Amino acid sequence: MNITVFGSGYVGLVTAACLADVGNRVLCVDVDPEKIATLKAGHCPFYEPGIDSLLVRNAKGGRLDFTTDAARGVAHGEIIFIAVGTPPQEDGSADLQYVLAVARTIGQHMADYKVVCTKSTVPVGTAAKVREALAAELAARRLALPYDVVSNPEFLKEGAAVEDFMRPDRIIVGTDNARALDKMRQLYAPFNRNHDRVMAMDVPSAELTKYAANAMLATRISFMNELALLAEQVGADIESVRRGIGSDPRIGFHFLYAGAGYGGSCFPKDVKALIRTGGEHGQSLQVLHAVEAANEHQKQELFRRISAYLGSVKGRTIALWGLAFKPNTDDMREAPSRVLMEAIWAAGGKVRAFDPVAMETTAKIYGERADFTLVDSPEAACEGADVLAIVTEWSAFKAPDFARIKALLKTPAIFDGRNLYDPAAVQAAGLHYQGIGRARLG
Ligand code: UDX
């Protein structure tokens, strides 16, 4: 099939590359000429495992191309994906101007039947707005061309996006139209493993499914984070509790890890958006208000602990392992590391940080500052620092030389925001250790 993807960001490019890889001819359109030039030169503008080789292979094979020419994009695709950004506005709501601009562009240029598919995470009701925007352009051209608008939300995890696309649990297709559904089924047929993964439903249900999934996962995390704090108070170990409840198949093991709080481009934004949608319909989503408040509190937890341990962080240096909001990405959006670092700086402390891939992104955010040093190894972060804090569970941090860390730190203590170690083993090595919700020893 001929497919067009508007928006060469994270979601758009993963979608485009994976659809090309199963034999479709995919054209990516973006307004940013620099980005298109980078992609044409065979480079991916962000870090994501597996994406580079897919882009290169499919571009070479003639199945994937990039352009700034919107008219060409509209002419090319039988199915047109809208995967442009929906940045939060000042009041927290998603800015739909780019999504609706693409809808208008399609209306201005289309000459035959199109399936227009919203892929960006958009509030419930957006597909209807896309339909209206497109219809207005067709009306202005005095044309009555056929088209259908479909909601097809993505469930890609950063760091595992290619795998998630290639081996989906489910493919949600929201549509009120059999012809569009047929086309979508045909498009996704190569991704049905063992059984049909496509779930057809009405448009608002598809739109709400995306938010419901992320809000449910965020809820599990906030719940576990609160329980972890309670576990410490009552002398319980959250890891034992996690195993104990996860083995109930009604609960399951996923997304039950207590930690430094959830971050990223999706959970914080989507929880807010769903609360807002509730508000617009006169319903207060009380559970989600609490999920959000618990997460804000959790993101401050490491700072509270370090301050309490040291008395004050003023004039102290904190070694920091991990900056990205989770491993295998350079994404710093809503990362718990930011809350920790900013709190340390505000209190007059310094940070020496290491991250395997997110240091460049971090340097762009914070620039040069006297109280911040980026170093090129985990050990170098500990040199001359008072204590060590861990915020991201990169594999490289999982089996460190504790004796070496002890020798490097002035006040040998590890504040582990991701529960990477066995508390007894770290303490046996002579370091003070605090995980999140781990039983305190001695
Ligand atoms: C998420 C959804 O998983 C994905 O389906 C959706 O399309 C986009 O949002 P992503 O933001 O890439 O994906 O990361 P994810 O792996 O889900 O982690 C989100 C945050 O939750 C991270 O900050 C992570 O550290 C935190 N987390 C996750 C926990 O604190 N505990 C857990 O048990 C799991």
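Trainee: Okay, how do E12 and strand E13 pair, and over how many bridges?
Mentor: Keep in mind that this is a predicted model. In it, E12 and E13 (residues 413–416) pair in the parallel sense, over three bridges. Ala389 stands opposite Phe415 in E13.
Trainee: And how many bridges join strand E9 to E12?
Mentor: Four bridges join E9, residues 317–321, to E12, and these two run parallel. There, Trp321 stands opposite Ile390 in E12.
Trainee: Which way do the residues of strand E12 point, and are they buried or exposed?
Mentor: E12 covers residues 387–390; Val387 and Ala389 point one way, Leu388 and Ile390 the other, and all are buried. In a regular strand, side chains alternate between the two faces of the sheet.
Trainee: Switching to helices. At what angle do H9 and H12 pack?
Mentor: Helix H9 (residues 203–234) and helix H12 (residues 286–299) pack at about 55 degrees, with their axes 9 Å apart. H9 and H12 are therefore oblique to each other.
Trainee: What's the handedness where H9 passes H12?
Mentor: That crossing is left-handed.
Trainee: Which residues make the contact?
Mentor: From H9 you have Ala215, Ala218, Thr219, Ser222, Asn225 and Glu226. H12 brings Val287, Leu288, Val291, Ala294, Asn295 and Gln298.

Definitions and conventions: Residues are numbered from 1 along each chain as its sequence is written. This is a predicted model: local features need pLDDT of at least 70, side-chain atom pairs count only at pLDDT 80 or more; totals for chains, interfaces and linings use all residues. Axes are lines fitted to C-alpha atoms, for helices over the stretch in contact, and angles run from 0 to 180 degrees between N-to-C directions. Angles under 35 degrees count as roughly parallel, over 145 as roughly antiparallel, 65 to 115 as roughly perpendicular and the rest as oblique. A crossing is left-handed if the near helix is turned anticlockwise from the far one by less than a right angle, and right-handed if clockwise. Two residues are in contact if their C-beta atoms, placed from the backbone, lie within 7 Å. A residue is buried if 20 or more other C-beta atoms lie within 10 Å of its own, exposed if 12 or fewer, and partly exposed in between; C-beta atoms are placed from the backbone. Two strands pair if DSSP finds at least two bridges between them.
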